[in-house]
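I opened this notebook to keep track of what I looked up, one entry at a time.

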Amino acid sequence: MSIESLQQILKDKNKDFGLVKLETPLSLNLYKKYLDQGYHGEMKYLETQLDQKEKPQKLLSTAKSAIVIRRDYLPHPYPTSLPNLKMAAYAKGEDYHFWFKKEMNELIEVLKVHFPKDDFVCFTDSSPVMERDLAYRAGLGWVGKNSCLISPQKGSFFFIGEIYTSIDIGTHKEVLVPDRCGTCTRCIDACPTNAINDERTLDATKCISYLTIEAKEAPPLELRDKLNGWYFGCDICQNVCPWNQKAFGKDFFIEAPIHKVELEENLRTILSASNRQIEKIFATSALLRAGPTAHRRNAILLAVEHQFKDLLEVIIPLGERFSKLTELVEWAKVKLT
Ligand code: B12
Ligand code: SF4
Ligand code: SF4
């Protein structure tokens with residue numbers, strides 16, 4: 001079977017893909033520098049993953065190439081019913097770690113019929129793969145100043161997934177997409193926490209997405225009033241990007257309004273819920289990536305931002321029940337009285 005037939009199978013399956021040889025990532029030094037500067041905060045897995053990111057064959061010893069797949073999420077392909085809270089577009093549906101992997105595994109079954117002697121294994125997000133680097137080398141877009149991979153036609157609201165395979169793509173090379181940020185600095189100017197640095201990487205410890213999803217602790221005092229109403233994740237640096245406005249129209253990100261009364265009710269429900277109840281509210285969505293205590297933390301931060309003083313009665317007991325929240329609850333008491 002030839003590379004052309006591999007490409008034809010992927011096209012027949014409507015995949016938006018690129019092929020790349022599995023070599024040392026182009027931006028490995030930037031990645032190491034990012035770790036040295038401590039921009040990863042509590043995401044210690046980014047340190048332990050370094051070796052496998054550098055040497056992809058540690059994940060699949062026979063791997064020679066990767067099929068890199070771009071999967072749009074605006075609008076979300078598998079929407080779910082979630083409380084009306086300001087959340088990143090990627091989270092407004094079933095958790096992609098499951099459905100995207102399922103789609104790639106179905107594709108692998110087809111590929112195995114045509115390439116019976118070859119090995120295939122798929123990943124998205126949580127595995128030690130430098131996905132933006134891989135997708136850039138596969139010709140799927142350029143790395144913008146906001147550090148997102150951007151497609152000139154499709155913008156940046158897409159997931160990246162990859163299938164490592166023992167198929168040798170030989171001399172095949174995708175055409176790289178040149179940088180199209182030019183003199184634009186809209187994302188840098190719009191980021192409320194100044195998280196974007198000038199090397200197209202972030203100081204993740206300042207990013208609202210990190211602070212509301214990955215961090216185990218409450219945000220530092222100086223960032224607590226800069227969360228801009230986000231409950232989970234943040235899309236600001238993508239919403240302002242002209243390439244998304246070109247792909248989706250100027251007003252694409254205007255959200256359904258969140259009414260104060262409804263928001264307060266939703267926060268009250270979360271703040272009074274047990275762990276199991278919180279898991280039920282966000283079941284099957286990517287919001288469960290943050291554990292119940294992180295959800296309570298995010299709800300407290302929003303209660304303070306919106307000055308919902310009546311919520312103090314459900315906030316105060318949390319300080320005693322959860323030591324991780326004690327300081328935040330004390331802070332909320334001061335801010336809400
Ligand atoms: C940890 C992580 C985060 C952290 C830290 C992100 C960061 N930028 O540091 C937090 C929680 C903040 C986060 C936020 C988001 N994330 Co995230 N995240 C990851 C994860 C798991 C690892 C990223 C990582 O290694 N960061 C360390 C830094 C150094 O690497 P990097 O962010 O990939 O940045 C690279 C480029 O900036 C690059 N670079 C700079 N200049 C140049 C030039 C060239 C030529 C090249 C090749 C590279 C390059 O160097 C870095 C290393 O390659 C990846 C999945 C994966 N396995 O890769 C998803 C991933 C990057 N995240 C994704 C998404 C969707 C998001 C959010 C949009 C979610 C949201 N709305 O809240 C935001 C976007 C924030 C932003 N502006 O980046 C997608 C990105 C899709 C895309 N189009 O780019 C990924 C690929 C997950 C996936 N499978 O789809 N994320
Ligand atoms: S996701 Fe939000 S906080 Fe993070 S870099 Fe982009 S604009 Fe800044
Ligand atoms: S907002 Fe401007 S600078 Fe930022 S990623 Fe988009 S085009 Fe590049």
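**Entry 1: Asn14.** I looked up Asn14 and found it exposed, with 7 other C-beta atoms within 10 Å. The cut-off for exposed is 12 or fewer such atoms, so Asn14 qualifies. I note that the model is predicted. Asn14 sits in the loop between H1 and strand S1 (16-21). I also checked its backbone: phi is positive, about 60°, although Asn14 is not a glycine.

**Entry 2: Arg200.** Which value does phi of Arg200 take? I read a positive value near 60°, in a residue other than glycine. I placed Arg200 in the loop between H7 and H8. I counted 18 other C-beta atoms within 10 Å of Arg200, which makes this residue partly exposed. Arg200 is also listed among the residues that come nearest to ligand 1.

**Entry 3: a cis bond.** I looked up the peptide bond that joins Leu74 and Pro75 and found it cis, with omega at about 0°. Pro75 belongs to the loop between S2 and H5.

**Entry 4: the whole protein.** I stepped back to the overall fold. I counted 15 helices and 6 strands. The C-alpha atoms fill a box of roughly 70 × 45 × 40 Å along the principal axes. For 337 residues, a compact globule would have a radius of gyration near 20 Å, and the protein has 21 Å, so the two agree. I noted that 39% of the 337 residues count as buried. Of the contacts between residues at least 6 apart in sequence, 75% join residues at least 24 apart.

**Entry 5: helix H5.** Helix H5 covers residues 96-114, which is 19 residues. From first C-alpha to last, H5 reaches 27 Å, close to the 27 Å expected at 1.5 Å a residue. Which residues of H5 are buried? I listed Tyr96, Phe100, Met104, Leu107 and Leu111. Seen down the axis of H5, these buried residues fall within an arc of 55°, so they line one face of the helix. An α-helix has 3.6 residues a turn, so residues three or four places apart point the same way. On the other side of H5, I found Lys102, Glu106, Glu109 and Val113 exposed. What covers the buried residues includes helix H1 (3-12), strand S2 (65-72), strand S3 (120-124) and S6.

**Entry 6: Thr284.** I found Thr284 in the loop between helix H12 (275-281) and H13. Thr284 is partly exposed, with 14 other C-beta atoms within 10 Å. Which residues does Thr284 contact, leaving aside its neighbours within four places in sequence? I noted Thr80, Glu94 and Asp95. I also looked up the distance from Thr284 to Glu327: they are 43 residues apart in sequence and 31 Å apart in space, C-alpha to C-alpha.

**Entry 7: ligand 1.** I counted 39 residues around ligand 1, of which Ser27, Ala88, Arg200, Ser209 and Gly233 come nearest. The shell divides into 24 nonpolar, 8 polar and 7 charged residues. Helix H2 (28-36), helix H6 (131-137), strand S6 (158-165) and helix H8 (208-214) each supply at least two residues of the shell.

**Entry 8: ligand 2.** Around ligand 2 I found, among others, Cys191, Cys207, Cys234 and Cys237, and also Ser209. H8 and helix H9 (236-239) are the elements that give two or more residues to this shell. The division is 9 nonpolar, 3 polar and no charged.

**Entry 9: ligand 3.** The residues surrounding ligand 3 include Cys181, Cys184, Cys187, Cys241 and Trp243. Helix H7 (186-190) and helix H10 (242-248) give two or more residues each. I recorded 7 nonpolar, 3 polar and 2 charged residues in the shell around ligand 3.

How values were computed. Residues are numbered from 1 along each chain as its sequence is written. Chains are lettered from A and ligands numbered from 1 in the order in which they are written. This is a predicted model: local features need pLDDT of at least 70, side-chain atom pairs count only at pLDDT 80 or more; totals for chains, interfaces and linings use all residues. A residue is near a molecule or strand if its C-beta atom, placed from the backbone, lies within 6 Å of it. Helices (H or I, at least four residues) and strands (E, at least two) are DSSP runs, numbered from the N terminus. Ala, Val, Leu, Ile, Met, Phe, Trp, Tyr, Cys and Pro count as nonpolar, Asp, Glu, Lys and Arg as charged, and the others, Gly among them, as polar. The radius of gyration is taken over C-alpha atoms; the globule rule is 2.2 Å times the number of residues to the power 0.38. A residue is buried if 20 or more other C-beta atoms lie within 10 Å of its own, exposed if 12 or fewer, and partly exposed in between; C-beta atoms are placed from the backbone. Two residues are in contact if their C-beta atoms, placed from the backbone, lie within 7 Å. The expected span of a helix is 1.5 Å times one less than its number of residues. The arc is that of the directions from the helix axis to the C-beta atoms.
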